[in-house]
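Reader: Hi, this one is new to me. Could you walk me through it?

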Amino acid sequence: MNLLLIPIVLPLASALLVLLLPEKTKYLKELLTSGVTAVCLLAGVSTLFSALFGQTITLDLPWAGAGLNFTLKADNLSSFLLLSVSFFSFLISIYAFSFENKGGAKWFFFNLLMTQAFAAGAVLSDNLLALLFFWEGLLVFLYTFIALSQKTEAAKRTAKKAFLINAVTDLCLLVGVTIVACISGSMNMTVIASAKLTMNGWAGFAYVLMMIGAVSKAGAFPFHTWIPDAATDSSAPFMAYVPAAVDKLLGIYFLARISVYLFSLNGAMQLVLMTLGAVTILAAVMMAFVQTDYKRLLSYHAVSQAGYMILGIGTLNPIGIAGGLFHMLNNAVYKSCLFMTAGAVEKRTGTNDLSKLGGLFRAMPVTGICFVIAAAAISGIAPLNGFFSKEMIYKGTLSTGYTVFFWAAEVGSFLTLASFLKLGHAAFFGKRAGDLTEVREAPFSNLLPMAILAALCIAFGFGAALPINWLIRPAMYTLNLHTPVLSGFHPDELYWLSLIVILAAVINHIVGYTLSGGRAWKASDHIHNAPLLAGTYALAEKRFFDPYEQAMRAVPFVAAAIYKIDRFFDYLTDALPSSLGGMFSGASSRLHNGSYPLYMALTIAGALVYIFITANYGGIR
């Protein structure tokens, strides 16, 4: 069997086998899933080594006819993504081993394996039609993942919301791919990349549609609104796997593919991408800062971090793009770790409400340490991994000359650290609530994956040269970009600015904590209730800025308007002619009364009318 089929076919077949197993079998589903994802991870490692040191592995099979083949290709970028997806699938399978609150175990592991299979297929596809097939398949398992994670109506509503938002944007992607196929005459990405498409005419329109599909998968503004809802209505393992890792990896991967590999973007589209990235950073981090639910706060940060990646790709310069790809990997590492800590806290305390938590560090020291490391990493504190990838994005942004985007990203960094000071203080430090005195550390199956991810936050910071030289730089070569020296500690002005941002965030937390009367979970209230922001926050909390909710509110009105219009045309085509016909028929019946003088009078009247009309056009001839 071709090596590329293993991470696709093996989990696919195993997922069907999991469905056949009884729900009550103990650890069989868990062991099977962990074993399969471990094999996929090994296949990913082997594929990457082959791409780096050997020959690019390909698979080309006849498929849909008319020259459309099922083509898989493991170049440096695809191999990097395959390894990442398989790595997170393996860790989540371990994390979920003893996690009860994830819905039925059978369906959870079925969805995990199917997501692994289709995500692997999406990153390996060299044919846009095959990529669409796997991409759309992921939409189905996104729905079932959420809908089956909790036995509540809220979970079903959120699953429907996630499905509809992603279905609409996937439809945009489908139309964009169709246009590209018509313009280029091929759906093979290698062929299209040999003569890049430009932003002129239909090609520009196609890029915009495909970009919508990519950024929506990454969870960017304004397509992100299902993610915070999923944080409260689904399970921590799902959040650690899909929104935190797999979706970000796929969305940013495809955005880089189309923005650098398939298309040649112009300055206008560069501004569009950078603006989208900056807006996503600020809008999401502002909402994250005021949340009082552990997982919901993290979910907004998952959105905000996507903004940094889009900003990096949007710079269109090598260091910015490399920073975007590096941040994509780093975000998956620390964000997945943070959701795992949330799940561990929820498992042991039964709540994610920050007002009910506190002082958990002593009871859950390993979870607490992992949280501190991952929180510092996402906040961009040196020398952890988030600092280096953000530094690259900042440098790429400054290279474009648009400093406004740089400052937007810095404001995002300030609010990110402020959020995690509040979250960490409220959950792990301070006084422990009386009903949490019996809380103990999470089980080993929870601790192992989060410890591995926390260790990677350190390793990819101190040892950033490892992922840069083995993953990022080769991926850049695939995109035909040659990068300067990317790794290494640089005590330049950006480093000193990062220290100022840290100091400002700490001062802000002290002020907020003091003003709230020593309640850490309310340490954001001074900004939440600030004169110019309170009204905006009130609208946001009423979902005024949620396009999905607005559309759903408009549905009854639009449906009623469409019904009225439909009735009006029915009246014009059916009721009105019938009514006029009836009136004419009634009048005719009344005139046909057998009266000879009446018939004569009508005949004479008709003749006079005829004479009058024809007289105006030259008379009777």
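Author: One term first: between axes, angles under 35 degrees count as roughly parallel, over 145 as roughly antiparallel, 65 to 115 as roughly perpendicular and the rest as oblique. Axes are lines fitted to C-alpha atoms, for helices over the stretch in contact, with angles from 0 to 180 degrees between N-to-C directions.

Reader: OK, so how do H15 and H16 lie to each other, roughly parallel or roughly antiparallel?

Author: Helix H15 covers residues 385-400 and helix H16 covers 403-428; their axes cross at roughly 155° and come within 8 Å. H15 and H16 are therefore roughly antiparallel. Helices here are DSSP runs (H or I, at least four residues), strands likewise (E, at least two), numbered from the N terminus.

Reader: Which residues of H15 and H16 meet?

Author: From H15, Lys-390, Tyr-394, Thr-397 and Leu-398 meet Thr-403, Phe-405, Phe-406, Ala-409, Glu-410 and Ser-413 of H16. Contact means heavy atoms within 4.5 Å. By class, that H15 and H16 contact has five nonpolar, three polar and two charged residues. Nonpolar is Ala, Val, Leu, Ile, Met, Phe, Trp, Tyr, Cys and Pro, charged is Asp, Glu, Lys and Arg, and the others, Gly among them, are polar.

Reader: Got it. Is this from an experiment or a prediction, and how are the residues counted?

Author: The model is predicted: local features need pLDDT of at least 70, side-chain atom pairs count only at pLDDT 80 or more, and totals for chains, interfaces and linings use all residues. Residues are numbered from 1 along each chain as its sequence is written, and side-chain values use heavy atoms, with hydrogens and water left out.

Reader: How many helices and strands are in the protein chain?

Author: The chain has 23 helices and two strands. Its C-alpha trace spans about 115 × 60 × 60 Å along the principal axes. Of its 621 residues, 56% are buried. Buried means under 20% relative accessible area, exposed over 50%, partly exposed in between (1.4 Å probe, protein chains only). Among contacts between residues at least 6 apart in sequence, 80% join residues at least 24 apart.

Reader: Back to helix pairs. What is the angle between H10 and H12?

Author: About 15°, with the axes of H10 (residues 236-262) and H12 (residues 294-314) 11 Å apart. The contact residues include Met-239, Ile-252 and Leu-255 of H10 and Ala-302, Met-309 and Ile-313 of H12. They divide into 10 nonpolar, two polar and two charged.

Reader: And how do H8 and H10 run, roughly parallel or roughly antiparallel?

Author: H8 and H10 are roughly antiparallel. The axes of H8 (residues 201-218) and H10 cross at roughly 160° and come within 6 Å. Among the residues in contact are Tyr-207, Met-210 and Ala-214 of H8, and Leu-250, Phe-254 and Ile-258 of H10. This contact has 11 nonpolar, two polar and three charged residues.

Reader: What does Asn-331 touch?

Author: Asn-331 sits in helix H13 (residues 318-349). Not counting residues up to four places away in sequence, Asn-331 touches Ala-244, Lys-248, Gln-305, Met-309 and Ser-336. Asn-331 is buried, with a relative accessible area of 0%.

Reader: What about Leu-4, buried or exposed?

Author: Leu-4 is buried, at 0% relative accessibility, and is found in the segment before helix H1 (6-20). Its C-alpha atom is 8.5 Å from that of Gly-44, 40 residues apart along the chain. Beyond its neighbours within four places in sequence, contacts of Leu-4 include Thr-47, Ile-57, Leu-72 and Leu-124.

Reader: Switching topic: how many disulfides are there?

Author: Zero, from a search of the whole structure; a disulfide is a pair of cysteine sulfur atoms within 2.5 Å. For Cys-457, the nearest cysteine sulfur is that of Cys-337, 5.8 Å away. Cys-457 is buried at 0% relative accessibility.

Reader: Where are the cis peptide bonds you'd point to?

Author: One joins Phe-221 and Pro-222, with omega about 0°; Pro-222 lies in the loop between H8 and helix H9 (226-233). Another runs from Ala-382 to Pro-383, with omega near 5°, and Pro-383 is in the loop between helix H14 (365-378) and H15.

Reader: Last one: what is phi of Asn-480?

Author: Near 60°, a positive value in a residue other than glycine. Asn-480 is exposed at 54% relative accessibility, in the loop between helix H18 (465-478) and helix H19 (493-515). Leu-316 also has a positive phi, near 65°, and is partly exposed at 27%.
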